[in-house]
Every structure is written in structure tokens, then in C-alpha cells.
Amino acid sequence: MVLSIAQLPFRRRAPLEMLRLDGDRDAPDDDYTGFGHSRVEALTLAGRDGSVVVRDALVLALHCTDPCEALPDDIELEFVLDEVAPELSVSVMLSTFLDVWLPRLRGDERAIVLALCNPHGATLPRPAGVDPATPLYYATGDVESWFHHGVRLAAESWHIAR
């Protein structure tokens, strides 16, 4: 049983598996609830204002609760823990999750990317302990993953936590 945020089965996964890009598909799977972290040599963040290539990134694949409460500066996450117990899920605030997990995951990567839907457009602050020289990218709107000349995450827009 998961008794704390630190006990969540937030595992390192291959990027294509983690983002559900490892099989044939015509469109993103809206029911996919997989999560985890991965290191990616390069990925493209695409938004309505253009795109940016991010190199040497720690990517965190997360999911917001559905429906998601509109909060100005945080997002409620949901972890579906079918491997622990059928139909079991837990929720935690993104800020609290990052406080626990980022110190465990950080290495010498040049960027952090949250592959996380942000349907209400929360403005996320920079988590404590993240070097100001390391950009932490997050989206507004839904995030869709694609494999088009490499890993591509598409959203309404992308921002850097301040």
C-alpha cells in the first residue's frame, strides 16, 4: 500500500513507453494514465506561438485529476495505481509532489519538462531547490505526445516556471 508521496511507484521508464509512443496510433489515447520519469536527449515543445527544441531534459509524465479544480498556481495530480490494487488512485498537489521527487531525480540535466495537462492555465512557480539556470517547462491546455522526427509534446502554449 502507498502510505506517502515518497512511496509512489514513480519509476524511470523508456521515453517512448512513458509517453505512449511505442506502438502504432493515429491519435493520442485520452484514457492513458501511465506516469513516470525519463531522460531525453532532445524533444520539441510545440505551441500556438511556435516550437522550441529542449536538449538533455528530465521529463516527468504526470496526469491532473479529472475534473481538475481551477487553482491559480498549482495542479492536483492523480496517480492510478492499478499495479498496487485494481481501480486505486491517489491525488497529490503538484507542488508537494515536486518538493518530494525532484531532489531524488535531479542529475546534471539542462532542463526539466512537465508532460502534464494544465486545463485551467495555472501559473506554476519555480520549485524550491531547482537551480535558476535550469528551466522548468510546463504547458497550458492539454498536452499531447507525438513521435514526429523525434519526441514532440504539443500544447496550447509552453512556459518556464519563474
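Predicted model: local features only at pLDDT ≥ 70, side-chain atom pairs only at ≥ 80, totals over all residues.
Now colour the cartoon by position and follow the chain along its sequence: the pattern reads α-β-β-β-β-α-β-β-β-β-β. The radius of gyration is 15 Å, close to the 15 Å that the globule rule gives for 162 residues, so the chain is as compact as a globular protein of that length.

Along the principal axes, the C-alpha atoms fill a box of roughly 40 × 40 × 30 Å.

The accessible surface comes to about 8700 Å², and carbon and sulfur atoms hold 48% of it. Of the 162 residues, 43% are buried.

Now select the charged side chains. How many are positive and how many negative? There are 14 positive and 26 negative side chains, and the centres of these two sets lie 9 Å apart.

For the last stop, select Arg152, which sits in strand S8, residues 151-154. Is Arg152 buried, partly exposed or exposed? Its relative accessibility is 26%, so Arg152 counts as partly exposed; the partly exposed class lies between under 20% (buried) and over 50% (exposed).

Show the neighbours too. Leaving out residues up to four places away in sequence, Arg152 touches Thr44, Ala46, Glu144, Ser145 and Trp146. Finally, draw a distance from the C-alpha atom of Arg152 to that of Cys117: the two residues are 35 apart along the chain, and the separation is 15 Å.

Definitions and conventions. Residues numbered from 1 in each chain as written. Heavy atoms only, no water. Helix = DSSP H or I, 4+ residues; strand = E, 2+ residues; numbered from the N terminus. Rg over C-alpha atoms; globule rule 2.2 N^0.38 Å. Buried < 20%, exposed > 50% of the residue type's maximum accessible area, 1.4 Å probe, protein only. Areas by Shrake-Rupley, 256 points an atom, 1.4 Å probe, with all protein chains shown as cover. Lys, Arg positive; Asp, Glu negative; His and termini not counted. Charge placed at Lys NZ, Arg CZ, Asp CG, Glu CD. Contact = heavy atoms within 4.5 Å.
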